[in-house]
Amino acid sequence: MKGNIKWIVCLTVIIGLVALPLLMETPAFADKLSDSIQQAVGDGKIDKKAEPGFLGIPGAPGVNYILGFLWAIWVGWIFSTVGAFGGIMAGVGHITIFGLGDYAKDFGKGYPLNKLVTDSIRVSNQWLVGLSGLISSTNYYRMGRLVAPLGICLAIGGVGGSWLIPDLTAGKISLKAYIGYFGIAVLALGIILFRETTAGGQAKRKKAKEAAAAFEKQAKDGGDTKKGVKVLEGSWVMMFVALGVVVASALWANLAGGARWVAYILALAGWGLTFFIGTIRFTFFDVEFKFKAFIPMLGGIFIAALASFLGVGGGFLYVPFLTSVAGLPMFLVAGTSGLVVLVGMIVSIFSYMVGKGVPVQWGFIGAELLGIFVGSMIGPRTSKYIPDIWLKRLFVVLAFYVGIRYITKGFLGFSIVPPF
C-alpha cells in the first residue's frame with residue numbers, strides 16, 4: 001500500500017510537470033512563429049497566399065489527423081513493448097511520412113523557419129514518447145513489471161548528463177562526424193544481444209532466465225502475473241530527493257538566465273546523493289536481484305553524454321544496459337526504460353517550449369496522443385504473451401535498423417532507410 005502511495009505521488013508530480021508547458025503557453029509562441037513566417041515571406045521563400053499547412057505556415061505540407069492517429073498507435077505499441085525506438089519511429093512519421101523534414105530543409109540550414117519547424121518536429125516526437133513513457137510505466141507498475149528504483153537511478157544520471165557533460169565539453173568534443181562508426185557499434189550491440197538469445201547466452205543469464213520462465217509459465221497458465229516486482233531494500237525518499245535535485249538542475253540550466261553555477265552544484269549534489277542510497281534489492285517471481293544505486297546512475301550519465309555528443313535520442317541504449325549490465329529479463333525492461341525516458345522527455349519539453357518558445361500544432365499532436373494512448377495501453381498487455389527471447393529479438397531487429405541508418409548516414413551522407 002505504501003508503495004502505491006509513493007507511486008501515486010510521483011505520477012502526480014510528473015503529470016503536473018507535463019501539463020505546465022500548456023499552462024505557461026504565451027502569445028510569445030505565436031509571435032515567434034509569426035515573425036519567422038513574415039521573414040520568409042519577405043525573403044520570397046513562401047507565398048503568403050498559399051494554403052496554410054503545418055503550424056499554419058502558408059504552403060507547408062498538410063497533416064492528416066487520421067494517419068497521425070494510426071501511426072501513433074504503432075509508435076506507442078513498439079515503445080511500450082521493448083522500451084525503445086519510440087522517438088525514432090515518431091520521427092519517421094513526422095519527417096518522412098508527413099514530409100516535414102524535407103520541407104524544413106528547403107529553407108536552408110540556419111534559417112529561422114528551418115530551425116522553428118525542426119524544433120517543432122523534435123518537440124512533437126518528445127510529446128509522443130513522453131506520453132507513451134507515462135502510460136506504459138504506469139501500466140507496468142500496476143502489473144508488477146517495473147523496477148522503479150533502477151529506473152529512477154538511471155534517470156538521475158541521465159537527466160544531469162544530458163546537459164552538464166555537453167555544457168562542460170562544448171567546443172572540445174564532437175562525435176557527430178563519427179556517427180557512421182556509432183552505427184557499426186549499434187550493429188555489434190545487436191549481434192551481442194542476439195547471442196544472448198542463444199542457448200549459450202541464456203545459460204550465462206541464469207537469474208534472468210529463471211525469472212522469465214516463471215513469469216511465462218504464470219501467463220501461459222492464466223495465473224496472476226501482477227505479483228511481480230517487490231522492492232526489499234532501498235531508500236525511496238533519498239531516490240526521489242536525488243531525482244528532484246537533478247531535474248531542478250536541468251530546468252535551471254535551460255530556463256534560468258544566469259548563475260549557471262547553481263545548476264552545476266544541483267547536478268553534482270543529485271549524483272552525490274545516490275552514493276548514500278546504498279544497495280537496492282528486489283525480487284521478481286521470487287528470484288532476487290540487487291545492485292548498487294550509483295552504478296545505474298553512472299550508466300545514465302554515460303548514455304546521456306554519448307547521446308548528446310552524437311545528436312541522437314539514446315533511449316535505445318537503456319535497453320542493453322538493463323538486460324546485459326543489470327541482468328533483467330525483457331519483461332521488466334520496457335516499463336523501467338519507459339520511466340527513465342519519461343523523466344528525460346519532461347525536461348526536454350520544458351527546455352524547448354518554456355525556455356525557447358517552440359510551437360507545436362496542438363490539433364495534430366492531440367490526434368497523435370490519442371493513438372499513443374491506445375498503443376501504449378495495448379503494448380504492456382500483449383508483451384506478456386511474447387516469450388522473453390522474442391522480445392529481445394524484436395529489439396535486435398530494430399537495433400539493426402538503427403545501425404544501418406547511422407552507418408549509411410555517416411559514411412554515405414544520407415540514410416537508406418527512413419527517416420532519410
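User: What is the average pLDDT of the protein, and which helix has the lowest confidence?

Analyst: This is a predicted model, in which 87% of the residues score at least 70 and the average pLDDT of the protein is 84. Confidence is highest in helix 3 (residues 65-82), at a mean of 95, whereas the lowest value, a mean of 51, belongs to helix 1 (residues 2-23).

User: How many salt bridges does a search of the whole structure find, and which residue forms one with Asp-119?

Analyst: The search of the whole structure finds 4 salt bridges. In one of them, which lies in helix 6 (residues 112-142), the two partners are 3 residues apart, about one turn of the helix. The closest N and O atoms of this pair are 2.9 Å apart, and the partner of Asp-119 is Arg-122.

User: Is Asp-119 buried or exposed?

Analyst: The relative accessible area of Asp-119 is 7%, and because buried means under 20%, this residue falls in that class.

User: What is the relative accessibility of Glu-288, which forms a salt bridge with Arg-281?

Analyst: The closest N and O atoms of Glu-288 and Arg-281 are 3.2 Å apart. Arg-281 is partly exposed, with a relative accessible area of 23%, and Glu-288 also counts as partly exposed, its relative accessibility being 32%.

Technical notes:
Residues numbered from 1 in each chain as written. Predicted model: local features only at pLDDT ≥ 70, side-chain atom pairs only at ≥ 80, totals over all residues. Heavy atoms only, no water. pLDDT = per-residue confidence, 0-100. Helix = DSSP H or I, 4+ residues; strand = E, 2+ residues; numbered from the N terminus. Salt bridge = Lys/Arg side-chain N within 4 Å of Asp/Glu carboxyl O. Buried < 20%, exposed > 50% of the residue type's maximum accessible area, 1.4 Å probe, protein only.
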